[in-house]
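Please view the sequence and the model before reading on.

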Amino acid sequence: MQWIQWLSSIYDFIRPILDVALLAFILYKGYELLEKAQAFPLVKGAGFLALVFGIAFLFNLSTLRWALTMIAPGLFIAIAIVFQPELRKIFIRLGQTEFFRPNIIAQIGKLDAVVTAAELLSQRRRGMLVVFPRKINLKSIIETGTKINAEISSSLIVAIFEFDGPLHDGAMIIQNGKIAAASCFLPLSERQDIRKNFGTRHRASLGMAEQSDAVVLIVSEESGAISLAYDAKLYYDLTITEVTRKLMELLDKGSRKETSLQAAENKGSSAEEGEILVE
């Protein structure tokens, strides 16, 4: 029975550490979810209401407490309506997160072909939209397009996007080292601070980056600029070197998180300057 007591003492020692560690993990994941879903306005609104309730109860403000109690159900409904986009993004991320990531290593091995195709299409002023899923499942997006399940090659990507064929419009999904589908429809961003000269392709890439953790590669048909969208931000007009480096960093299971767009910084621009360009 001595070993049972020994295990019990170890459990009593580990329990508070495990308790704090799990709480810290939940708080961190909650913060990460709110940040990626851009739901901090929701937290601010809820925090303000909690502060008002706290003041009313702390100072025993009976009239204010009565009023708040009467309108509380309506307030929760109003919050759900006003912050519906933020709540929708949170539930989408919760519902689509996979326990096992797609085969990112296979995608990394084929990056050169995708970037080469982007460079060729940029020179020819042909639009391109390629999505690289990460943790969040994009099955619903793939089903909106034409499933291909083909090996990745720059010639195939150029052939799809260069000519006005049936697969030209929409996005291509690169998953598990293959072209999963093409001509897929992406959700458009509802943000109002996007430059007016940004067309549907850039709005769709930003919408995808807002509603998932995917990385989106864009080639502008008007200017030939090559851009990346991820984590609800759009980084416009990057060099091929910057695009390759950032894709490697984002798709390499976070092992190169320290990597940054140093070339852009050396030119005097920062990541924030490369984000969504507003009027």
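Is Tyr235 buried or exposed? Tyr235 has a relative accessible area of 8%, and because the limit for buried is under 20%, Tyr235 counts as buried. The model is a predicted one.

## Aromatic pairs

A pair of aromatic rings is described by the distance of the centres and the angle of the planes. The count of aromatic pairs here comes to two. One of them joins Phe198 and Tyr236, with 5.1 Å from centre to centre and 40° between the planes, and this pair is tilted. Phe198 sits in the loop between strand E4 (178–184) and helix H9 (200–211), whereas Tyr236 belongs to strand E7 (residues 233–238), so the pair ties together parts that are 38 residues apart in sequence. Phe198 is buried at 5% relative accessibility, while Tyr236, at 22%, is partly exposed.

Tyr230 and Tyr235 form a stacked pair, because their ring centres are 4.7 Å apart and their planes stand at 15°, and planes under 30 degrees apart count as stacked. Tyr230 is buried, its relative accessible area being 6%. Tyr235, as given above, is buried too, at 8%.

## Helix H8 and its cover

Which residues of helix H8 (residues 154–162) are buried? They are Ile157, Val158, Ile160, Phe161 and Glu162.

The cover over the buried residues of H8 includes helix H6 (111–123). Strands also take part, among them E1 (128–132), E2 (146–151), E3 (171–175) and E4.

Note on methods. Residues are numbered from 1 along each chain as its sequence is written. This is a predicted model: local features need pLDDT of at least 70, side-chain atom pairs count only at pLDDT 80 or more; totals for chains, interfaces and linings use all residues. Side-chain values use heavy atoms; hydrogens and water are left out. Rings of Phe, Tyr and Trp (its six-membered ring) pair if their centres lie within 6.5 Å; planes under 30 degrees apart count as stacked, over 60 as edge-to-face and the rest as tilted. Helices (H or I, at least four residues) and strands (E, at least two) are DSSP runs, numbered from the N terminus. Buried means under 20% relative accessible area, exposed over 50%, partly exposed in between (1.4 Å probe, protein chains only). Contact means heavy atoms within 4.5 Å.
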